[in-house]
Amino acid sequence: MKKIETSRRRFLQGSVALCVYATSSFSFTSKENATTTIENIPYLCNMCRNKCAGFARVENGKVQKLDPNHYFPKSRNMLCPKGNAGIDALYDSDRLKYPLIRIGNRGDGRYKKVTWDEAYEYIKVKLVDILHKQKDNRSTIAYCNGEGFNKDEYIQFFGSKIGSANFLDEGSICLNTKLGATQLTIGDVGEMDVAGSDYLIISGANRYESLITPDSIDMLHTKQKLVVLDPRCTLTAIKADEYLPLNPGTDLAFCLSMIYIALKEKLYNQAYVKEYFNDFDKLESEILSQNYTASWAESKTHIPAKKIEEITREFFRAKNPLYYLGRRSVWAQNDFQLRRAMVLINALAGSINRKGGIIFGKPFVLEKEEVNEPLYNNAEGRFDLDGIVYGSQKGGSWLNFRDKVLSHTAPYPIKAMFIRKHNLMQNMPNIAKTKAMLEMMDLVVVLDTMPSDTAMMADVILPECTYLEREDMVVSFNRLEPSLALRNKVIEPLYESRSMQDILKGLGKKLSKPLFEVSAKYDEDLQESIADLGKEGAYKEGGYDLAELYKDSITIRNKKLIKRQFGEAVYKSLKTRGVWHPYIDEQKELYNNYYQYYPPEKRYYSVKREYKVNCYLKKLKKYGFDAIPCWHKSYDFTVKNEEFRLITGRYITTTQSATANNIMLKEFQEENFIWINNKVAQKAGIAEGDYVVVSSSLSSVVLQAYPTNKIAPQVVWFAHGYGIQSDEMTHAYAKGASDNMIIEDKFEKIYGCATMHETNVTIRKL
């Protein structure tokens, strides 16, 4: 690979230098030449979901460098290249700098600069009008927030205080099936001790590329056999001891065969099964009766039967085996059953609540702040979980929600949307549908740091500051080596940007009384309360002050919470080191800036707790689904002649579309390329760098080809996070193509999650 592979190698070579373990001093202030003020301020990264800890070197109020924090067990003195590129997220010239109100047509990018009060006033007038028309059904206001801190506060503001039931998060376009399958099978999501396992199987997840975390790096140093199943030869597959290419969506067949072989040959941990399993007899009967042999699995997966048998026997004979469930999106309609099967494999091996398995651990539980919640009689419930067996009551189903809004089959209209840290125009399949949904709204408000494609669909854009410009509420991390960590403010917010908390505080002050007046007109219970207490009394007693959550600053709230629950010393550690754990003063350097945090005997590999492994889920049977994982013909991998199955993922340089405009990262991978089997490409006359049209039933995109032997003949791949259409993002605009332009909007009906790898496409050379 010439041009394309070179850029990826450069990034990986850079990451070695940038990920090295290095020390940083904690907070101090000094003078150099009596003119330069230097501070090293602890913070938590936000460039991906891992939330590594670092120290920001600030000189005269400007961030000059980001360094790793050696006090944090979770990130263990590591900061990856994306973490280092956080400086560009802060100083990106394209950042949103002040509030904006739309003056053109939705989506054309024409806005005027306004004050914060003018923006709040515009929102107030629109919301009052909407709620009058909907007779105070607060659920006509939908709101969403992606992965990251402050989600609970966002929910409290719109759900608890304003009263809307319609909150959506990233779960249904991410990993809700994994979370749900684990919770329902063993009673807890748990934490996967990948570094502690001696035999690790990974299906589909790309740990060495899409998410560089310390435990991924640790896997390189452990005496562990790594087996990777993937239709594409990823960086993780390259580093594996065994790489097993398989047909997309057939991982479940591999797992069912593993279970069959383990049961047939009695390889499983019989003592563990006897003590912890519910309905083991039903599992055994179902799996054995279906005859899920290795030969059967070969016909589905394309993995040789002898290899399936060999891997299964090795796995169950290992001391600490782990079938890694993966932090990745839902690929196929059978994904929930796949994750269930993975958990059952781990349980059959006894790899639950022990080293190298799925551990429960002992995380620190932070006290919840009390919220005085108003009652809104006219607020209706959410509708997006209709027809979905479990679903996430907290985060919902994006595709089902969107379909019901667009088709007018929801029990009431959605007329307003508040969008934070969620690029709807890029983050889910079928972008045309998302655009149509937003065009139906009377009010769209976007809180963001960048002028994203979604921001360009807003009526009001509110500039949020970046993670380096704010303090957030203290967070509890990890189960094996639990700790507390605090995102401290590094510098004051630039331009006119504000933190989410300050934005909601200002909005709350503007909306509280006007929205109370709307309820007073339509809510009979509130009318009775007003008759008894008067308007001011009913307002105060009923909790209608929307700004009440933010009467104290984040700093004061953190100080009160931490001191009350953990004490002064813990608070001091969080402010100076950014981290606290019980052994922080005893942690020791083992070698070359590599630290031991908890003494090995103090780690929570196993904890006393009651739990059972549930093989049979009655609720699934009730709704027409399989109570025990099994295979259906509809799961078979089928692609017509001249078509390909499109799969997606991400480069090492990207975090979904959030890093699309980061110039430091764009240097390594400016645009995405479509991977196509080299023999197939040669037959079609497609050479490296040729532009090709990729078409599905929805639309077409154009991007450059990368012929390679690292992908199967009937499969193509290109990375998510490209094809940005907002020309305000000057480094990302029109670079590459968006996968969600052509991925069909299918979703499974157990958790309502989008299935990202069930679209067939054609390819034509331009």
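User: Is His 408 buried or exposed?
Analyst: His 408 is exposed, because its relative accessibility is 64% and the cut-off for exposed is over 50%. Keep in mind that this is a predicted model.
User: Where is His 408 found?
Analyst: His 408 is in the loop between helix H15 (398-406) and strand S16 (416-420).
User: What is its phi?
Analyst: The phi of His 408 is about 60°. That is a positive value, although His 408 is not a glycine.
User: Why point that out?
Analyst: Because most residues other than glycine have a negative phi.
User: OK. What about phi of Asn 150?
Analyst: Phi of Asn 150 is positive too, near 75°. Asn 150 is not a glycine either. Its place is in the loop between strand S7 (141-145) and helix H5 (151-162).
User: Is Asn 150 buried or exposed?
Analyst: Asn 150 counts as buried, at 8% relative accessibility. His 408, in contrast, counts as exposed.
User: Let's switch to salt bridges. How many salt bridges are there?
Analyst: The count comes to 53.
User: Which residue does Lys 113 pair with?
Analyst: Lys 113 forms a salt bridge with Glu 496. Their closest N and O atoms are 3.8 Å apart. This pair links distant parts of the chain, 383 residues apart. Lys 113 is in strand S6 (residues 111-113). Glu 496 is in the loop between strand S20 (483-485) and helix H18 (500-522).
User: How accessible are Lys 113 and Glu 496?
Analyst: Lys 113 is exposed, with a relative accessible area of 52%. Glu 496 is partly exposed, at 33%.
User: And which residue forms a salt bridge with Lys 307?
Analyst: Glu 242 does, with the closest N and O atoms 3.1 Å apart.
User: Is Glu 242 buried or exposed?
Analyst: Glu 242 counts as buried, at 15% relative accessibility.
User: What about Lys 535 and Glu 517, how far apart are their closest N and O atoms?
Analyst: They are 2.7 Å apart, and the pair forms a salt bridge. Lys 535 lies in helix H19 (residues 524-541) and Glu 517 in helix H18, so the bridge ties together parts 18 residues apart in sequence. Lys 535 is partly exposed, at 39% relative accessibility. Glu 517 is partly exposed as well, at 38%.
User: Which residues do shared partners join into one network?
Analyst: Lys 225, Glu 242, Lys 307, Glu 310 and Glu 314. Salt bridges that share partners connect them.
User: New topic: helices. How do the axes of H9 and H12 cross?
Analyst: Helix H9 (residues 251-264) and helix H12 (residues 294-301) cross at roughly 175°. Their axes come within 9 Å. Angles over 145 degrees count as roughly antiparallel, so that is what H9 is to H12.
User: Which residues make the contact?
Analyst: From H9, they are Ala 253, Phe 254, Leu 256, Ser 257 and Ile 261. From H12, they are Ala 294, Trp 296, Ala 297, Lys 300 and Thr 301. By class, that gives seven nonpolar, two polar and one charged residues.
User: Now Tyr 544. Where is it found?
Analyst: Tyr 544 is in the loop between H19 and helix H20 (554-565). It counts as buried, at 6% relative accessibility.
User: What is Tyr 544 in contact with?
Analyst: Leaving aside neighbours within four places in sequence, its contacts include Pro 374, Tyr 376, Phe 516 and Ala 538. Also, the C-alpha atoms of Tyr 544 and Ile 162 are separated by 8.1 Å. Those two are 382 residues apart along the chain.
User: One more. Is Asn 69 buried or exposed?
Analyst: Asn 69 is buried, at 1% relative accessibility. It lies in the loop between strand S4 (62-68) and helix H2 (81-84). A polar atom of its side chain lies 2.8 Å from the backbone nitrogen of Tyr 71. Beyond neighbours within four places in sequence, Asn 69 is in contact with residues including Pro 42, Phe 55 and Arg 577.

Methods: Residues numbered from 1 in each chain as written. Predicted model: local features only at pLDDT ≥ 70, side-chain atom pairs only at ≥ 80, totals over all residues. Heavy atoms only, no water. Salt bridge = Lys/Arg side-chain N within 4 Å of Asp/Glu carboxyl O. Helix = DSSP H or I, 4+ residues; strand = E, 2+ residues; numbered from the N terminus. Buried < 20%, exposed > 50% of the residue type's maximum accessible area, 1.4 Å probe, protein only. Contact = heavy atoms within 4.5 Å. Axes fitted to C-alpha atoms, helices over the stretch in contact; angles between N-to-C directions. Parallel < 35°, antiparallel > 145°, perpendicular 65-115°, else oblique. Nonpolar A, V, L, I, M, F, W, Y, C, P; charged D, E, K, R; others polar. Polar contact = N/O pair within 3.5 Å; in protein donor to acceptor, adjacent residues only side chain to side chain.
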